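Open the model in your viewer and follow the stops below. Each one says what to select and what is there.

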Amino acid sequence: MNIQFLTSFSDKTQTVIIPISKSETSDALQKIAEVSGVSEGLITQDFEAETKQTLMLYPQNTTTFERFILLGFGEKSNAKTIRDTFRSFFFQNKEKLPNSLSLDLCQFSNLSNLKNSSFVEIIDGAISASILAGYDLGQLKNDRKEDELKFPSELNVIISEDQIQEAEKVKLESEIVTQAQLRVMELVDLPANKIDAQTLAKSAQKSGKKYGYKVTVLQKEEIEKNALHALLAVNQGSQVPPTFTITEYKPESLDNTKIPVVGLVGKGITYDTGGLSMKPSEGMYHMKCDMGGGATVFGIVEAVARLKLPIHLIGIVPATDNNVDARSVRPGDIIDSHAGLTIEVVNTDAEGRLILADGLSYLSKNYNPDVLIDIATLTGASIVSLGYEAGLLCSNNQETAQMLMQLGEQIGEKVWQMPIWDSYRKALNSDLADIKNYPGVPAAGALTAAKFIQTFTNKHPKWAHLDIAGMAFGDSEFAKGKSATGYGVRLFVEYLKNLKFS
Ligand code: BES
Ligand code: MN
Ligand code: ZN
C-alpha cells in the first residue's frame, strides 16, 4: 500500500474519490458539474451527501478523469465517523474499483466545511481506513485472490501545498498506529488451534526484533520460579505450557532524564472454555477473542516503540488457554498467587482476573511504574452494563480516568467509568482463603471483578482497569459474523502521547 500526497492530479487517467460534506456544497458541485458534463441539478437530485452515500459519475469533458466518485460525509462529524465513512467506502468497493485511486481533498472536495473536524482527522481517517481495507478475514480460505487483498495498492491524496508537511507527519503516525491495530486484529481473529500461549509469545518476540524493543518470554519453569501461581493454576488443564511475556520499550536518547514509567498488563487467554465451570456452547463459540487485551497490549507497545514516544513502557501478557481436563483447577480449590494471597476459586470461568492478578503483582513489584493499567476481555457483565458502545473503566485515580474518557470520546474509542467502591470487596471475602474469585452472585459482576484485580496492584495509587469484553470483538459492517476491532490501540497510544509526568 503506497500512499502519497500530491498538489495536483497527474495526467494519467484516474478514478477520483471526492468527499463531499453536506454544508456549502454549491461551489464543489458546480466544479464537478462543469468537468463531468452532468448538470448540478441532476447531481443534487441523486446525491444529498448523506454519510456514506456515493454517486459515480463518468466525466465527459476531460481525459484525465475516468470516474468521479462522490462520497458523502453528512453535515457534522468526528474522528470516528470520518474513519468509518472512508473504511466503509473502501471495504464495499474492494472488488469494484481499480487498484490505484486518487482522493481529492482540495480541488473539488468541500470536506474542509465539515463541522467538528480537523485536517488531521481527515488525513488520519483516510489513511487508516485505506490500510484497514486491506485486512482479510479469509486468510485460511483456499480461493483468495491476491489482487483483492492489495486493494487499494496506491492512493494519491490531493492536497494543497501548505498542507503537505503536516500531512506527511500525520501519515507516519497513522500508518504505525493502524498497522499495530491490524496486528491485534490478526491475533484476535486467528482461531485458538492456530494461536496458543507459545505462538502468541512468539509473535511478540518477532515484533520486538523487528522494531527494536526488548521481549522476554518466561516459560513454565521460570513462571514456577517466579511464583506466578495463579497463572499456573489456570494452565493446569491445558496441553500447552503457559507463557508470561514481558515487552519493554525505553527511548535510547533519554536515559538520564526522568520519564514516566508505564505498566500495561493484558489478558492472554487464548481460549476460554470456562474450565470445569464450563460455558454453554453458544457462549464458548467466540472465546478465541479472550486474548484481546493481551494482543492490544502488544499492539500498543509496538506502536509506541515505532513512534519512539518519550516514555518507559512495560507491557506484560500472561497467556494460557482455560481448558477442561482431569488436572484442571476445580471450583472450590484454593490456589496461591504471586502477591502471596491465597485465592478460593469459586468459579473456574472467572480465570482472567487470576492471571491478571499475577501480571499486575509482578509488574508493580518489579518495575514500580508511575501508572499501572490492565486491559482485558474480562466480563460479560461489562456488556450487560454498557453494551457495545464503550469499554468499562475502573480507576482509583480521577485524573487518569478523566483523561481516558475524554480522549476516547475525541478519537472514537469510548470508555465509561464505573465505581470501585470498597463495599464491593466484601463480596469477595472467603471463609477459607484471603479472597475468592467470584462472589457467587452476578450483581455488579464487572465491578467485583475489577475490585478483585485491584487487590493485586500493591495498592498502586494510579491504577486503571479497562474491560473490553464488548469492544475487542464484535459485529460490524466489515464481516458477516463477529470479528476483531483493534479497539484500544489508538486510545492508549493517544493517552501515552499526552501523558505528562507529575
Ligand atoms: N472471557 C470471559 C468474558 C467475556 C464474555 C469475554 C463475553 C468476551 C465476551 C470471562 O473469562 C468470563 O468467563 N467471565 C464470566 C465471569 C463470571 C464467571 C464471574 C462472565 O462474564 O460470565
Ligand atoms: Mn472465563
Ligand atoms: Zn475469559
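Start with ligand 1: the space it takes is the second largest pocket. A pocket here is an open set of points on a 1 Å grid over the protein atoms alone, with protein on both sides within 12 Å along at least five of seven lines. A molecule sits in one if more than half of its atoms lie within 2 Å of its grid points.

This is a predicted model, in which local features need pLDDT of at least 70 and side-chain atom pairs pLDDT 80 or more, while totals for chains, interfaces and linings use all residues. Residues are numbered from 1 along each chain as its sequence is written, chains are lettered from A and ligands numbered from 1 in the order written, and side-chain values use heavy atoms, without hydrogens and water.

**Around ligand 1**

Select the 15 residues around ligand 1; D272, K279, D290, D349 and G380 come nearest. To count, a residue needs a heavy atom within 4 Å. By class, this shell has 4 nonpolar, 4 polar (Gly is counted here) and 7 charged (Asp, Glu, Lys and Arg) residues.

Now show polar contacts, pairs of N or O atoms within 3.5 Å. A polar side-chain atom of D290 is 2.8 Å from a nitrogen of ligand 1. For D349, a polar side-chain atom lies 2.7 Å from a ligand oxygen. At L378, pick the backbone: a polar atom there is 3.4 Å from a ligand nitrogen. The protein covers 80% of the 510 Å² of accessible area that ligand 1 has on its own (Shrake-Rupley method, 1.4 Å probe).

**The manganese ion**

Select ligand 2. D272 (OD), D349 (O), D349 (OD) and E351 (OE) coordinate this manganese ion at 2.0 to 2.2 Å. Donors are N, O and S atoms within 2.8 Å of the metal (3.2 Å for Na, K and Ca).

**The zinc ion**

Move to ligand 3. Its donors are K267 (NZ), D272 (OD), D290 (OD) and E351 (OE), at 2.0 to 2.4 Å. Along the chain they follow the spacing K-x4-D-x17-D-x60-E.

Finish on D272. This residue bridges the manganese ion and the zinc ion, which lie 3.1 Å apart.

Definitions and conventions
A polar contact is a pair of N or O atoms within 3.5 Å; within protein, one must be able to donate a hydrogen and the other to accept it, and residues adjacent in sequence count only if both atoms are side-chain atoms. On a 1 Å grid over the protein atoms alone, a cavity is a set of points where a 1.4 Å probe fits but cannot get out, and a pocket is an open set with protein on both sides within 12 Å along at least five of seven lines; lining residues have an atom within 4 Å of a point.
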